[in-house]
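Hello,

Here is the structure I promised to pass on to you.

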Amino acid sequence: MPPQLEATAGAVEQFRKQQGINWTSLIAFTVFHIGAVAALFFFNWRALLVAIVLYWLALSVGIGMGYHRLLTHRSYSVPKLVEYFFAICGTLALEGGPISWVATHRVHHKFSDKQGDPHSPRDGKWWAHLIWMLVGDATHCDVEESARYAPDLVRDPFYVWLTKYHYVPLALVGVALLATGGLPFLLWGLFVRVTAGLHATWLINSATHFWGARRFKTGDDSRNNAMVALVTFGEGWHNNHHAHPTSARHGLAWYEIDMTWINIWLLRQIHVAKSVRVARLEG
Ligand SMILES: [Zn+2]
Ligand SMILES: [Zn+2]
């Protein structure tokens with residue numbers, strides 16, 4: 001079957017499997033987008049600063065260092081309590097719990113841009129950016145799928161608990177923001193920050209699989225994209241990442257700024273991060 005037909009057949013098969021709208025995701029994304037627009041009427045500089053700090057905590061510490069480079073690819077190790085802290089930070093991005101995130105991402109690496117990839121732009125750019133999460137149960141991997149792709153996490157009761165109640169830390173942060181800085185803190189620290197973080201992460205699923213340079217001839221469509229790397233603290237060096245998935249460092253050249261790698265490097269310097277795997281460019 002020609003590749004394009006195969007991709008269409010894959011998308012149809014996927015849609016059949018995941019029929020129906022995922023109302024939880026649709027309502028959550030809609031509410032957060034509305035809150036982000038409302039925030040424009042409640043701006044103050046302190047609220048913006050709080051939003052930037054939380055954006056870094058959720059996306060770089062939580063998703064980049066935690067969910068992705070540590071829990072999914074085990075590209076380095078840290079003491080268990082530090083690992084749990086990173087995972088809690090990851091929940092603040094509203095990208096689901098660690099088990100479903102890790103299982104979905106491991107499936108993505110296994111089938112990158114082929115039939116079975118949960119979010120390939122070959123099935124449509126908007127599909128890869130957003131729509132794949134709005135149908136069926138894609139963001140809440142079922143128990144069987146999770147056990148198959150994330151058995152290491154399923155064995156840990158803390159991760160099972162955190163995946164089930166992944167919205168609790170975010171809700172607590174919301175209450176703390178409202179108590180300390182009123183509506184401006186809540187709208188900027190939660191709604192703008194989460195919405196911006198979601199789109200930044202979604203760009204990795206969409207843009208970095210069709211827009212950017214390819215240093216390595218990987219079997220998928222992954223690209224290196226400096227703009228996406230900037231807003232995701234280094235995750236946009238996605239072609240490097242698909243070529244070397246277990247490397248804790250994604251920006252491999254000096255000009256490929258990778259803030260999350262700098263965090264891990266600092267933790268290695270103070271002997272908190274160990275067994276750090278790093279890919280190097282030839283020559
Ligand atoms: Zn990818
Ligand atoms: Zn990965």
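A196 counts as partly exposed, because its relative accessibility is 37% (buried means under 20% relative accessible area, exposed over 50%, partly exposed in between, with a 1.4 Å probe and protein chains only). A196 is found in helix α10 (residues 167–205); helices here are DSSP runs of H or I with at least four residues, strands are runs of E with at least two, and both are numbered from the N terminus. Between the C-alpha atoms of A196 and E144 there are 32 Å, with the two residues 52 apart along the chain.

A word on conventions: this is a predicted model, in which local features need pLDDT of at least 70 and side-chain atom pairs count only at pLDDT 80 or more, while totals for chains, interfaces and linings use all residues. Residues are numbered from 1 along each chain as its sequence is written, chains are lettered from A and ligands numbered from 1 in the order in which they are written, and side-chain values use heavy atoms, with hydrogens and water left out.

Now the metals. H108, H209, H238 and H242 each coordinate the zinc ion (ligand 1) through NE2, at 2.0 to 2.1 Å. Donors are N, O and S atoms within 2.8 Å of the metal (3.2 Å for Na, K and Ca), and water is not among the atoms, so sites may look incomplete. Along the chain, the spacing of these donors is H-x100-H-x28-H-x3-H. H108 in helix α5 (residues 98–111) and H238 in helix α12 (residues 238–243) link distant parts of the chain, 130 residues apart. H108 is buried at 1% relative accessibility, and H238 is buried at 2%.

Finally, how do α5 and α9 pack? Helix α9 (residues 157–164) meets α5 at an angle of about 95°, with the axes 7 Å apart; axes are lines fitted to C-alpha atoms, for helices over the stretch in contact, and angles run from 0 to 180 degrees between N-to-C directions. The two helices, α5 and α9, are therefore roughly perpendicular (65 to 115 degrees; under 35 is roughly parallel, over 145 roughly antiparallel and the rest oblique).

Best wishes
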